[in-house]
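This report covers a single model.

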Amino acid sequence: NLSYNFNNVDFRSSRKDLKSFVKEEDLGIEIPNSVSLKGSFSGDLKSLKTNSQLTTSNGDLKLKGDFKFDEEISFNAQFETVKLDLGRLLKMDNLGTLDLKITTSGDGKDLNHLNANLDATISDLSLNNYNIKDLKITGEFLDGEGPVTANYKDENLDIALNAYVNL
């Protein structure tokens with residue numbers, strides 16, 4: 001049974017070097033000028049456990065989670081972006097930086113039959129020079145479908161989203 005355990009990954013690269021392997025045009029993004037991946041990765045062909053951070057010149061992404069993909073999939077994860085410059089990354093001038101935290105867990109035989117919970121908070125997002133702060137999003141899926149809600153209110157906006165999603 002093939003398994004891996006990388007306790008201390010420290011990978012660094014640059015946009016110039018990464019462009020030798022991937023085409024930005026194919027991905028529809030602009031690769032950051034500097035990229036550093038640090039963390040731990042362990043598992044086997046049917047699982048992954050990680051506590052890792054991708055630090056870039058366009059912001060940071062953090063992932064801590066346990067993922068299994070066997071006869072059924074299961075996951076328990078926390079994901080975070082810190083000052084991620086979405087506008088630059090996605091080549092969209094109307095987007096600014098994103099600070100986001102997601103906590104999620106779930107299981108099921110596939111995406112269409114997923115039982116999962118989602119709690120997300122967009123603590124900061126700039127869209128068309130308008131700052132959105134503390135937007136909370138929750139979801140609960142049973143057998144691949146369920147409600148997603150979001151509520152947001154500031155001096156200019158009062159939004160209540162009650163959606164039903166079918167994966």
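Where is asparagine 128 found? Asparagine 128 is in the loop between E7 and strand E8 (130-132), where helices (H or I, at least four residues) and strands (E, at least two) are DSSP runs numbered from the N terminus.

## Basis

This is a predicted model, in which local features need pLDDT of at least 70 and side-chain atom pairs count only at pLDDT 80 or more, while totals for chains, interfaces and linings use all residues. Residues are numbered from 1 along each chain as its sequence is written, and side-chain values use heavy atoms, with hydrogens and water left out.

## Loop residues with positive phi

Asparagine 128 is not a glycine, yet its phi is positive, near 55°. Asparagine 128 counts as exposed because its relative accessibility is 53%; exposed means over 50% relative accessible area, buried under 20% and partly exposed in between (1.4 Å probe, protein chains only).

Lysine 91, also a residue other than glycine, has a positive phi of about 60°. Lysine 91 sits in the loop between helix H3 (86-90) and E6. With a relative accessible area of 48%, lysine 91 is partly exposed.

## Nonpolar cores

The largest nonpolar core has 12 residues: Leu84, Leu86, Leu95, Leu98, Leu100, Ala120, Ile122, Leu125, Ile132, Leu135, Ala150 and Tyr152. At least two residues of this core come from each of strand E6 (95-108), strand E7 (115-127) and strand E10 (145-153). A nonpolar core is a set of buried Ala, Val, Leu, Ile, Met, Phe, Trp, Tyr and Cys residues joined through side-chain atoms within 4.5 Å. A second, separate core has seven residues, including Phe67, Phe75, Ala77 and Phe141.

Neighbours within four places in sequence aside, leucine 98 is in contact (heavy atoms within 4.5 Å) with Thr81, Val82, Lys83, Leu84, Leu86, Ile122, Asp124 and Leu125.

Leucine 45 lies in the loop between strand E2 (34-44) and strand E3 (47-56). Leucine 45 counts as exposed, at 64% relative accessibility. Its contacts, leaving aside neighbours within four places in sequence, are Leu2 and Phe69.

Phenylalanine 21 is in the loop between helix H1 (15-18) and helix H2 (24-27) and counts as exposed at 73% relative accessibility. Phe21, Val22 and Leu27 form a nonpolar surface patch with about 330 Å² of accessible area together. The area comes from the Shrake-Rupley method with a 1.4 Å probe, and for residues only the protein chains shown count as cover. Patch residues have over 30% relative accessible area and no salt bridge, with nonpolar side chains (Val, Leu, Ile, Met, Phe, Trp, Tyr) joined within 5 Å and like charges within 9 Å. A salt bridge is a side-chain nitrogen of Lys or Arg within 4 Å of a carboxyl oxygen of Asp or Glu.
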